[in-house]
Amino acid sequence: MDERLEEDDGTALARLSNLPPRRQVHSYSHQLRTSTGTHHKRRQHQLRKHSLDENHILNKHANNKNNEFYYDSTNDSSDDDDFYPYFTTTASIASGGGGSVGSIGSVSDHRVDYRIDGMPIGDGGDEYQQQFQQSMPEFMGSGGGVGIFKAPKRAAVHPSRPPFLELRPHPLRETQVGKFLRTIVSTETQLWAGQESGVRVWNFTDAYEPGIGVGGRARRGDEDAAPFYESASTSSTICLMVDPGSKLVWSGHKDGKIRSWRMDQPYNDDSTLKEGFFWQAHRGPVLSMIISSYGDIWSGFEGGIIKVWPWEAIEKSLSLSLEERHMASLLVERSFVDLRSQVTINGACNISSSDVKSLLADNVRAKVWAVGSSSFSLWDARTRELLKVFNIDGQIENRVDMPSVQDQAAEDENLKLVSKSKKEKSQGFLQRSRNAIMGAADAVRRAATKGSAYSEDAKKTEALVLASDGIIWTGCSNGLLVQWDGNGNRLQDFNHHPCAVLCFCTYGSRIWVGYISGVVQLLDLEGNLIAGWVAHNGPVIKLVVGNGYIFSLATHGGIRGWSIASPGPVDNILRLELADRENMYTRLDNVRILVGTWNVGQGRASQDALISWLSSAVSDVDIVVVGLQEVEMGAGNIHPELPSSIGQWWQENIGKALDEGSTFERVGSRQLAGLLIAIWVRKTVRTHVGDLDVAAVACGLGRAIGNKGGVGLRLRVFDRIMCFTNCHFAAHLEAVNRRNADFDHIFRTMTFIRSSNLLNNAAAGVSSSTQTLRAANAAAPNPNEGKPDLAEADMVVFCGDFNYRLFGISYDEARDLVSQRSFDWLREKDQLRAEMKAGKVFQGMREALIKFPPTYKFERGKPGLGGYDSGEKKRIPAWCDRILYRDSRATPTDECSLECPVVASILQYQARMDVTESDHKPVRCKFDVDIARVDRSVRRQEFGKIMKSKDTIRSYLAELRFVPETIVSTEKIVLKNQETFSLRITNKSGTEFAFFQIICEGQSAVKEDGVASDYRPRGSLGFPRWLEVTPAAGIIKADEVVEISLHHGEFRTLEEFVDGFPQSWWSEDTSDKEVILLVNVKGSRSTVTKAHRVHVCHCSSGSSVHLDQKCNNSKKHQGSSHHRSSLRNTGSASELADDHWSSRDP
């Protein structure tokens, strides 16, 4: 028997080729649709039907030259999932490995494979198949198409969220190193972004323009973004704010500087944005900034430090020439008011020493909120006095805060853990296994106490916003939304989503909330949920209003604009129009992927073995994924970052076999004890592959030991998500149920993270506490909160030593069948095939028809099929080592499209029987994968054309120009001697609410002759210190009147006046003044604003001589604070007040 096996094996091996001949490739390019609109019929990628009788398959195949063979599968429809990866670049490259990239309006160059009948069967692989690369017949497991085993359904246009303007598509993470966007702000005509190396700006006039593309001035990652302009490299930008009064954008940086940027500076492709006036505000990062109701700049720093930079100092510094810039910076740097010092007495401070990560200007009441991790401080914006300190539960705190040592203690603990991990020494197997068990028990113990440890972090405030009705909203790490009144009293809370809140945005009667899960929710002012959708596949870190859109920034750097009118009728029109134009922005690409698996049995391979296994098959491959089992045993390493020298050796030697450095680039890897998975990408397609994430799931003792389990890699390939998982399941013939359970546990719990994910999120403004909570939640996913990560991928590949055996057959019978190449009979005894057919494991996944001998168990160093275990145990040969996959197809006949974006077929499925370094044979599988993606640049153009050309959309947006009719009680007010005047605003609309905001357009000094000088605005159109306006913003209900109090108050501070005389050069003068107040009114979702002008005169000396004359000269009308003019409709043409319309249509 043994002699016959060896003889047959020798004959079979003689037919194998270590280096398969390079296949002939014919490429073509054509229009996806013809000019008549008909679809081009592409080669179908379908699942081949076959029975267990392999000869029957081959005979049928030979007699049906033009037929494909399929397994029937069913697909129960359900709601569309909300995980959508996005593509960043449009490029055309020459792939030495055969990968191809689609050009605009066409399908990529596709391989045309010759199909010839009569495919012979070989041992470790098929030389005939290698030459002609024919798609192999496949077996499909039952139980797919439902629940978590259903392939995610995609669409050209998402059916359950509003269509969006994609200003900047999701760039690959690798392209953003040192360039991550951290924040955004909007002006009337521009969107500004702060990044790790400076700032950039988009003009809204260019919002629909195509990207620059490959070879343009934009670097990699921004090829498809709308045209933008950047500054020269600066320190990392942490925060931005807009100053419409000065027409400046202010930026706070990591180096502690505050910089200014002119909004109206000229932009061209050949120069960078010009930096304006700046000063050194802090010794470390500027964590937050706002401009108060009085034009002062407030900045937050570490350790609870808050500094106020008076507007008078900034204004005079801005007026200096460039030559005097250094002097101007010094003058501002010396003008600050340190609020923490003001409230510190004898070393005791009443405010928290935690970092001031957020500041909020309450312009309704002229207050400022400062937010730490667990407490608030409330300040008077005019006097800069501390009003209140309270915690996140609303309880008043009278605290004596000292520097916290908790963080240092945590760091010390981490250092201890790391130092312990570095003390690894060469130990015996039992000792190492004991250490592993103890480590696992400690991990379980830490997990059991995790809830209480993070309870405080879950309550931390992450964001806050001032709503139109004057209510303050805050968002917590646990998703809780809290309402506060203007005095810091907690009103009520809501919880519409379980994930951390990262940002808010408010406009009219609506509030938008951005979450770390990528979800955006829309609420009304009462806290009721109106709508919600997945806006990004990453945390939403900033929301701003501009140009009729709500722009959302994700942590990965993607920016999308959501119409203020959404959700609404416009969304349905856009969906239909974009779907009709699908052919214009669809691109098809093709890649080939080689996946290899090998249980190396703690051994090491020769270069010849690696060449036979991998190198001989990569001539036309773009991506290589390698999974190894039993790289090392006994360590039980479950620490995510613990390195392994043996694992590194394998990666380096596989890299040599793949010509790493010249042809391929290693992208990443993950190791868990003896499990190792690594990936290499051909350099010619590297620009389209990235965003690598890693994962590991232990299935050993207590689901904590890593001797059994799985490791995974997830990455984006041409904008589609692919996951590769390397597994080692429970051993022994009878452990079928345990193996099924191992798969189920891995599939459901594998959660992908990036080892440097915390760093990237921190760069984008995601707090460390939120990241910790996110990781904790991810470790134990709630089935009700969405599908597992693997279920969300467009393509999933499982490889490894699954340990499924042959059942109902003896050792001798199995060897006889192997020697006779009767694999059809052996497959009937395959446990994995039987379990898949019953729908108990690998539900809905596919495997090519096995046409190689069982890969387990062999005697090391013994070549040929005679090497099967002949020892005392005589283990029955088995196909332990397998490779299975699932793509986007819901049915076997689905073609590659945006609805079914990834369609794969198997070209090779082989075992390398000539490799003898282990008791397992290495297996490899070559996939031919078609990928459909969206050309983001082209779709943005089409989006703009629809918005501009469709009459129905224009008509609906015109309705958003409606502003309720309002009147003001007077257009001229005179204040003196700390008088108070009540300005009445009446909403004449019988049905609509009116939203108002009062700002100061400018202030002028009135000369002795009664003539006013030029009006000068304060920072952010703030009020002068002598004028108090309460409330300065709010809502007027239908047919109701609101009264606004205007108070003339004397303002003197200790810093500015001593003994009644000004001591600082930035103090306000005491001459009579006149200001112009703008009462801006809009509707609940108005894209236009109506403004009423009101002139306010005051006499600081208290003298009334010539006062009326001065105001009359500046505004030719009569009246004073002692005589209130009659109500008049300022909307008519005969009115004396000026009405200004400013529209920002989307």
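The structure is a predicted model. Its largest nonpolar core has 58 residues, and strand 30, at residues 549-554, is mostly covered. Arginine 940 is buried yet has no salt bridge.

**Nonpolar cores**
- Tyr909, Phe927 and Val929 have the most contacts inside the largest core.
- Another core, of 46 residues, lies apart from the largest one; Ile306, Val308, Ala361 and Ile1044 are among its members.

- Six of the six residues of strand 30 are buried.
- From strand 30, Tyr549, Phe551 and Leu553 point one way, while Ile550, Ser552 and Ala554 point the other way.
- Strand 29 (residues 540-546) pairs with strand 30 in the antiparallel sense over six bridges, with valine 545 opposite isoleucine 550.
- Two residues lie between strand 29 and strand 30 in their hairpin, where asparagine 547 takes a positive phi near 60°.
- Strand 31 (residues 559-563) also pairs with strand 30 in the antiparallel sense, over five bridges; isoleucine 559 is the bridge partner of leucine 553.
- The hairpin of strand 30 and strand 31 has four residues between the strands, and glycine 557 there takes a positive phi near 105°.

**Arginine 940**
- Arginine 940 lies in helix 21, which spans residues 936-949.
- Leaving aside neighbours within four places in sequence, the contacts of arginine 940 include Leu165, Glu166, Tyr208, Pro210 and Asp224.

Notes: Residues are numbered from 1 along each chain as its sequence is written. This is a predicted model: local features need pLDDT of at least 70, side-chain atom pairs count only at pLDDT 80 or more; totals for chains, interfaces and linings use all residues. Side-chain values use heavy atoms; hydrogens and water are left out. Buried means under 20% relative accessible area, exposed over 50%, partly exposed in between (1.4 Å probe, protein chains only). Lys and Arg count as positive and Asp and Glu as negative; His and the chain ends are not counted. A salt bridge is a side-chain nitrogen of Lys or Arg within 4 Å of a carboxyl oxygen of Asp or Glu. Contact means heavy atoms within 4.5 Å. A nonpolar core is a set of buried Ala, Val, Leu, Ile, Met, Phe, Trp, Tyr and Cys residues joined through side-chain atoms within 4.5 Å. Two strands pair if DSSP finds at least two bridges between them.
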